[in-house]
Amino acid sequence: AASAAQAGNFTISLRGAGTGVTAQTIPLPLTVQPVGNFTLGTGATPIAVTGQAGQTITVPVRIARTGGFGGRLAFLTGALPGGVTATFDTTATTATSDSVVTLRLTIPAGFTAGTYPITVRGVAAGLPEQTATVNLTVPASAFEPTG
C-alpha cells in the first residue's frame, strides 16, 4: 500500500479464470497499518513547571515523530485542577519532523498551593493515543497564611 493509504481492515477479491475451467473468486483479507508513530513530552519523565496563582504560564510539549509519520495530531488535556484553564497554541498540527506545541495554563488568583498532575493527550487517526504528564507546582504565596 502507498504511505498515504487509509489504515484499516479490507477485503480484496482475487479472481482466477482460464480456458476450460470454471472461474473462481476468493476473498483475501488485507490489513493496512498506519505508517510511523509519535510520542509527547520527554518520555517517562513528567514535565515539571511552576506558576503563581493569578498567572498564565507556557509549557512547551515536545512532539517526536517516528517512522515517517506526518499525519494530523490533535491536542487535549485531561481533567484540570479546579479553576485552572488550558489552551494550546494550535489545536492540530501536521509535520514530518519533531516539533513543539505550546500549552498555556492559566492559574486563577487565590489558587491553593500544591503540585497538580495534568495529562496532555495527543491523538491521530489510526494510532494509539499518546500522553505526557505536566506536574504543575503552585507555591504558597508570600501573603498566604500557613498552618
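1. Helices (H or I, at least four residues) and strands (E, at least two) are taken as DSSP runs and numbered from the N terminus. On that basis the protein has zero helices and 11 strands, and along the sequence it reads β-β-β-β-β-β-β-β-β-β-β.

2. A word on the basis of what follows. The model is predicted, so that local features need pLDDT of at least 70 and side-chain atom pairs count only at pLDDT 80 or more, while totals for chains, interfaces and linings use all residues. Residues are numbered from 1 along each chain as its sequence is written, and side-chain values use heavy atoms, with hydrogens and water left out.

3. Of the 147 residues, 26% count as buried, where buried means under 20% relative accessible area, exposed over 50%, and partly exposed in between (1.4 Å probe, protein chains only). The accessible surface comes to about 8,800 Å², and 55% of that area belongs to carbon and sulfur atoms; areas come from the Shrake-Rupley method with a 1.4 Å probe, and for residues only the protein chains shown count as cover. Among contacts (heavy atoms within 4.5 Å) between residues at least 6 apart in sequence, 59% join residues at least 24 apart.

4. An open sheet is formed by four strands in the order E3-E5-E9-E7, with antiparallel pairing; two strands pair if DSSP finds at least two bridges between them. Strand E3 (37–40) and strand E7 (85–88) stand at the edges with a single partner strand each, so one side of each is left without a neighbour in the sheet. Neighbouring strands of this sheet are turned by 25 degrees against each other on average, direction ignored, the axes being lines fitted to C-alpha atoms, for helices over the stretch in contact, with angles that run from 0 to 180 degrees between N-to-C directions.

5. Strand E9 (residues 99–106) pairs with E7 over four bridges, and in E9 the bridge partner of Thr87 is Arg104. Strand E5 (residues 56–66) pairs with E9 over eight bridges, again in the antiparallel sense, and here Arg62 has Val100 as its bridge partner.

6. Arg62 also takes part in a salt bridge with Asp98 (3.3 Å, N to O), a term that requires a side-chain nitrogen of Lys or Arg within 4 Å of a carboxyl oxygen of Asp or Glu. Because Asp98 lies in the loop between strand E8 (92–93) and E9 while Arg62 lies in strand E5, the pair ties together parts that are 36 residues apart in sequence. Asp98 is partly exposed at 41% relative accessible area, and Arg62 is partly exposed at 40%.

7. By this rule the count comes to two salt bridges, and Arg121 and Glu129 form one of them, at 3.1 Å, N to O. Arg121 is partly exposed at 27% relative accessibility, as is Glu129 at 39%.

8. Gln130 is found in strand E11 (residues 130–138) and counts as buried at 17% relative accessibility. Leaving aside neighbours within four places in sequence, Gln130 is in contact with Asn37, Phe38, Thr39, Leu40, Val120, Arg121 and Gly122. Gln130 and Leu40 are 90 residues apart in sequence, yet their C-alpha atoms are 6.4 Å apart in space.

9. Phe10, Ile12, Leu14, Ile26, Leu28 and Leu30 form a nonpolar patch on the surface, with about 480 Å² of accessible area together. Patches are made of residues with over 30% relative accessible area and no salt bridge, like charges being joined within 9 Å and nonpolar side chains (Val, Leu, Ile, Met, Phe, Trp, Tyr) within 5 Å. Strand E1 (8–18) and strand E2 (21–32) each supply at least two residues of the patch; Ile12 lies in strand E1 and counts as partly exposed at 41% relative accessibility.
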